[in-house]
Amino acid sequence: MGIDLGTANTLVYVRDRGIVIDEPSVVAINTRNDQIIAVGIEAQRMVGKSPAHIAVSRPLVDGVISDFEVTERMLRHFIEKVHREGFSIIPRPRIVIGIPLGVTEVERKAVEDASISAGAREVFLIEEPMAAAIGARLPIQDASGNMIVDIGGGTTEIAVISLGGVVTWKSLRMAGDRMDQDIIQYAREHFNILLGERTAETIKKKIASAIDLPEPLESKIRGRDLISGLPKEVSINSNQIREAINRSLRAILEGVKSTIENTPPELVADIYSRGIVLSGGGALLRGLDRLISDETKIPVHISDDPLTAVARGAGIILEDLENLKDVLSPSTKDNALSN
Ligand SMILES: Nc1ncnc2c1ncn2[C@@H]1O[C@H](COP(=O)(O)OP(=O)(O)OP(=O)(O)O)[C@@H](O)[C@H]1O
Ligand SMILES: [Mg+2]
């Protein structure tokens with residue numbers, strides 16, 4: 001199985017089947033008896049709507065495991081679901097799983113341990129932008145610069161890859177979730193209205209734009225009036241949302257620019273001719289490709305199906321481990337042996 005254990009979404013790719021699970025990384029637990037009530041889509045529906053004894057949580061924060069036990073239970077749930085639905089007959093699968101760039105040993109080990117205790121026989125780690133680049137079918141093993149920017153829920157991973165390895169990179173612990181928070185803050189400051197996270201995300205997907213639109217899109221948002229405490233509805237348009245998320249967009253741009261600045265000139269020349277590839281859910285933000293190409297003067301392409309690039313990349317590696325084992329990230333066990 002190839003797994004993209006993301007802050008926002010978890011995807012599972014099964015050999016010869018493709019992506020069989022694509023659900024939010026959310027778990028609902030009954031705290032009275034510690035039983036799992038729901039995982040994934042079903043748990044997502046409960047966000048912000050649960051009574052006191054139901055804890056709805058996202059076990060990953062900024063791309064890394066923040067609640068080990070809940071992550072393990074979530075992974076176990078998804079692996080068992082794959083078996084229950086007959087997508088795989090191997091009870092203890094080999095797993096290729098993505099990790100952000102620059103995570104600590106402790107964070108890497110947490111992913112390995114969670115995978116093993118969730119039922120994996122063997123775990124291989126892959127850096128997420130490498131998986132995304134493979135999923136986007138970039139020629140990562142060539143001696144040429146491939147630049148990928150994966151914008152997820154919790155992390156923005158920027159990498160230049162050549163000869164099967166990451167040459168220069170930057171990992172920002174901010175991405176789509178931060179934009180949702182920006183929108184919440186903007187609504188509070190400009191409209192005195194308190195929005196829920198899901199409302200903010202919905203409005204972002206619906207009308208947000210990274211560039212000014214000649215004819216702004218408009219939508220209504222509902223939340224609680226901070227003064228009266230009562231429900232309130234206001235209209236908001238895409239230019240206002242752009243203003244709200246501007247700081248986050250700037251941070252992504254700065255990350256891209258500084259990565260290019262640190263990249264050796266031969267590779268920069270390749271990137272100029274091939275362009276930058278965007279993946280992750282953030283790649284779907286209206287106009288983000290335009291913004292990045294305007295600011296860097298480099299063409300920008302959005303990968304096909306950007307939300308599934310990491311999982312498909314992990315799947316491709318799994319199906320061709322012999323040829324692609326060099327692109328894997330070393331396991332914490334290898335280090336234990338060499339130290
Ligand atoms: N059409 C869209 N416009 C803007 N943002 C979007 C759109 N669709 C999804 N997103 C955002 O993409 C993010 C989820 O992307 P993705 O599934 O790639 O993240 P992830 O892999 O779970 O997170 P990470 O890689 O940070 O661990 C969310 O913040 C979501 O709001
Ligand atoms: Mg991701």
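In this predicted model, the largest pocket has a volume of about 1200 Å³. Its lining comprises 50 residues, and those nearest the centre of the pocket are Ala 8, Asn 9, Gly 153, Asp 177 and Glu 201. When the lining of the largest pocket is divided by class, 19 residues are nonpolar, 16 are polar and 15 are charged. Contributions of at least two lining residues each come from the strands β1 (2-5), β2 (9-14), β7 (60-61) and β11 (146-151), and likewise from the helices α5 (176-191), α6 (197-207) and α10.

Two of the helices that supply residues to this lining, α5 and α6, also pack against each other, their axes coming within 9 Å and crossing at roughly 105 degrees. Because angles of 65 to 115 degrees count as roughly perpendicular, α5 and α6 are described as roughly perpendicular to each other. On the α5 side the contact involves Gly 176, Met 179, Asp 180, Gln 181, Ile 183 and Ile 184, which meet Glu 197, Ala 200, Glu 201, Ile 203 and Lys 204 of α6. The residues of this contact between α5 and α6 comprise five nonpolar, two polar and four charged.

From α4, the contact draws on Glu 128, Ala 131, Ala 132, Ile 134 and Gly 135, while α10 provides Ala 309, Val 310, Arg 312, Gly 313, Ala 314, Ile 316 and Ile 317. By class, eight residues of the contact of α4 with α10 are nonpolar, two are polar and two are charged.

Across the whole structure, 18 salt bridges were found. One salt bridge joins the side chains of Lys 81 and Glu 23, with an N to O distance of 2.7 Å.

Definitions and conventions
Residues are numbered from 1 along each chain as its sequence is written. Chains are lettered from A and ligands numbered from 1 in the order in which they are written. This is a predicted model: local features need pLDDT of at least 70, side-chain atom pairs count only at pLDDT 80 or more; totals for chains, interfaces and linings use all residues. Side-chain values use heavy atoms; hydrogens and water are left out. Contact means heavy atoms within 4.5 Å. Helices (H or I, at least four residues) and strands (E, at least two) are DSSP runs, numbered from the N terminus. Ala, Val, Leu, Ile, Met, Phe, Trp, Tyr, Cys and Pro count as nonpolar, Asp, Glu, Lys and Arg as charged, and the others, Gly among them, as polar. On a 1 Å grid over the protein atoms alone, a cavity is a set of points where a 1.4 Å probe fits but cannot get out, and a pocket is an open set with protein on both sides within 12 Å along at least five of seven lines; lining residues have an atom within 4 Å of a point. Grid points are joined across faces, edges and corners, and a volume is the space filled by probe spheres set on the points. A salt bridge is a side-chain nitrogen of Lys or Arg within 4 Å of a carboxyl oxygen of Asp or Glu. Axes are lines fitted to C-alpha atoms, for helices over the stretch in contact, and angles run from 0 to 180 degrees between N-to-C directions. Angles under 35 degrees count as roughly parallel, over 145 as roughly antiparallel, 65 to 115 as roughly perpendicular and the rest as oblique.
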